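Let's take a walk through this protein together.

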Amino acid sequence: MGNVIGTREYTYKNIPIPGGGYVTGFLFHEKEENLLYARTDIGGTYRFEFKTRTWKSLMNHVKQEDVSETYPLSFAVDNNNSGLLYLVCGYSNKDTGKLCISSDKGETFIYKEMPCKIHGNNPGRGTGERLQVDPNNSNLLYFGSQSKGLMRSDNQGDSWEFITVSIDGTADKNEQEITFVWIDPRETIEGRSKTIVVGTSGEGSSIGKFRGHSLFISTDGAMTFRPLQEPESLLPKTEESGYTGYVGARYVFDGEYLYVTMSEAASYGWSFTCYSCDCGMQKSGKVVRYHIGTSGEVIEYMDITPTAIDFGVDNLDDISFGMGGIALTYDKEADTPVLICSTICYQHPGDIVFLSRDNGQTWRKILQGLEIGRINFTVPYMKPEYNGHESILHWLTDVKINPYNPNHALFNSGTGAFVTYNLLAEDCTWEPECKGIEETVHLNLYAPSKGDVKLIDILGDLGGFAFTDLDQPAENTFADENGDRYITCINADYSENNQEYVVVTPRGNWTGKTKGGLIVSRDQCKTFEHLPQPYGLSPFIDELLDEIMRPNVNAGWVAMSADSTTIVWSIAKVLSIPVNAVVYTKDCGKTYHKCRIYDKDGECISETYECPPVPAWKTYDEFFAYCNSLCNIKIMADRVNPKVFYGFGEASQFYISTDGGVSFYQKERPDNFPVMVLSGFDCNNYAEIRVQQGEEGVIWMALGEHGLWKVIYDANNEEFKAERITKEGDMIKCQGMGLGLHGEKAIYMSGTISGEYGFFVTEDEGKTYIRLNSEKQMYGDIMSIIGDPRVRGRFYLATGSRGVLYGVPTE
């Protein structure tokens, strides 16, 4: 067990996808030209480089041990200081979040603790900015939290006080979830801005499951708040319950009018926190205009929502939609104000961007689906022909217009950012503005040793990509014969002898045009066919298959024999792969059979085991605990012997099949091997297990806090043996084989060795390690790692927030 003997300088690049995830908001600096930021739900914060039209990640320094910064909930700039950038971030159920403060536009940060839970990927993440710097007092910060209401700090976050926002001024009905904070810059009181408006979830004044009043105003510098008047059109129209009622989403102020977009959500009965496009169905949307005087008096307010005629329908009550982003500018040439806003969750024919030139009195569509306006889908996977001939756009919860260029506007999406540079033209054109944004969750990586494909990338939401050029986006892959994409694959496998033949476990897409299950490619992922489903083997398996045929349901885990003749499929029950749902086929899905799995006592547990029903659960940890309490088995194929498969269970059970996957027999766990979950996958994975190429019976495992292990199956004695490669105290999250720096067999890994976190390579099975990254090359959550079998020193990183990257030695 060796130590780190040095560091090799490495260069890292994203293998471009680009975009891929939910960009939750944009922020222009009002006093400095060409300063624009974007936040994402899981991918951190970006700054836009105008000269190259490229987004620069501000989170490459984030380490695995604390990935809070990759989950920004809100951000703010100080318009009196162009260098200052504030972020509030968090991702767990801890009682504290993180305030990140940069004085150099996000190049470096200092950190302060926030006295409340913060989660940048929770429902509602697409609403307006909860964090604000008082425009009249740079030391004063306001933050509308998700769980403890409105907070204020007069010392840049060193300490916070809680402010009551309620229907009657009492703390008993305090609004706990704030959706946005707006500060009027025009008038001050006692050294701070006088007028403040906040949006809330409406829980404080709720009656039963009906949301109450959700907009509140203060005209005394946030000492007290009162309900902001709302048009009668915002009152509930029906007696339906289910946490319905309008919630403020976004706002914009033109110096006289404050415009607020609102949505009425029909959630799935979760809670009052479910009010946005990312947690339910939008029933109805509103745009409300407030004429606010300099002292905060409300002179006039009115509903200026686009009408049924504007939508092109007979009655707005007949359609479901919400209202999302809103922004404004001024057209000097036409001498008119320009106001744009977006719908959210308007399904058919798709979300709309509206434009008004009379302060919202009238509107016209400038973009809707593929029918109105022009949008050039320059990113391959976004093209309509790969998405059921429909627009991929959804979750348009923010729109912004450059304060220095009225033709430059952006809107966000669940799959990236989109831009126009000719907004004021009658036929403005939009396109993805995603270069540099790599916000995808990558689950598994495979680097073939033969063929045109250099990397097979398995990821969430977008399914998978097979890259033949590491510096160019892949054209459409992981799609059916009609070009429709599969989504979220869990794993892939191929045989060493026939690397053109690849089997994958995808989910079916949201439209239902593709179905989950097994897909097979015979040309190294250029084309795929969906294999028949193994119905009729048992009622339990039939039940699981019915679920998998629904959109966005895990298919399970698959393994392929070394000669590509046998496929073994562990069918998923959500985040578990129970022993009574493992099947094999030796004719590519024409016929299936149940695998027979025996425990150490010789009982055929694949026939006798029954999964207990899913209990009531409140947290994901409780649900993971249930999944890991089942009798599970993850199957892996030997890379040399086609007769040999391995199985790994939920408590370090070891299984072996020597008859080509027909039957598996449990063997004794090696005495020195830790007891842990080896059967996890997707977001419930605790170990990266890989079977070694070119050598029968050798398995490598990254076991987190238990380090790196080499496991050998001794066929002569029919037993597993295990050796811990890293020393006690070392943590190895991910590992994968490839060519080392000197062209020999090597293991690449991520984790902590001798107290030092980073990416490492060992070319002598753990006697020595070389670190391959700097403090600014961390890339957040690392999900999988694999070395390149053809190019020495090159390896690949699958991240949970920064896309997929490759690293090469710096020349």
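Predicted model: local features only at pLDDT ≥ 70, side-chain atom pairs only at ≥ 80, totals over all residues.

Residues are numbered from 1 along each chain as its sequence is written, and side-chain values use heavy atoms, with hydrogens and water left out.

Start with the whole. The secondary structure comes to four helices and 60 strands, where helices (H or I, at least four residues) and strands (E, at least two) are DSSP runs numbered from the N terminus. The radius of gyration, taken over C-alpha atoms, is 28 Å, close to the 28 Å from the globule rule (2.2 Å times the number of residues to the power 0.38) for 811 residues, so the protein is as compact as a globular protein of that length. Along the principal axes, the C-alpha atoms fill a box of roughly 90 × 55 × 50 Å.

How much of the protein is buried? Buried residues make up 62% of the 811; buried means under 20% relative accessible area, exposed means over 50%, and partly exposed lies in between, using a 1.4 Å probe and protein chains only. Contacts are heavy atoms within 4.5 Å, and of those with a separation of 6 or more, 55% join residues 24 or more positions apart.

Now look inside. A nonpolar core is a set of buried Ala, Val, Leu, Ile, Met, Phe, Trp, Tyr and Cys residues joined through side-chain atoms within 4.5 Å. The largest one has 41 residues, and I340, F411, L423, W430 and Y796 have the most contacts inside it. Beyond its neighbours within four places in sequence, Y796 touches a set of residues including I15, L445, L470, I786 and Y806. Apart from this core lies another of 28 residues, with Y501, V503, F540 and Y626 among them.

Q64 sits in the loop between β6 and β7 and counts as buried because its relative accessibility is 14%. Setting aside neighbours within four places, Q64 is in contact with K733, Y757, G780, D781 and I782. I309, in helix α1 (residues 308–311), is exposed because its relative accessible area is 75%.

Finally, the rings. Those of Phe, Tyr and Trp (its six-membered ring) pair if their centres lie within 6.5 Å; planes under 30 degrees apart count as stacked, over 60 as edge-to-face and the rest as tilted. That rule gives 39 aromatic pairs. Y71 and Y91 are stacked because their ring centres are 5.5 Å apart and their planes are at 20°. This pair links distant parts of the chain, with Y71 in the loop between β6 (54–57) and β7 (72–78) and Y91 in the loop between β8 (81–89) and β9 (97–102). Y71 is buried at 17% relative accessibility, whereas Y91 is partly exposed at 32%. W617 and Y620 form a tilted pair, 5.6 Å centre to centre with 45° between the planes; here W617 is partly exposed at 36% and Y620 is exposed at 58%. Elsewhere, Y646, F648, F654, F673, W709, Y713 and F720 form one aromatic cluster.
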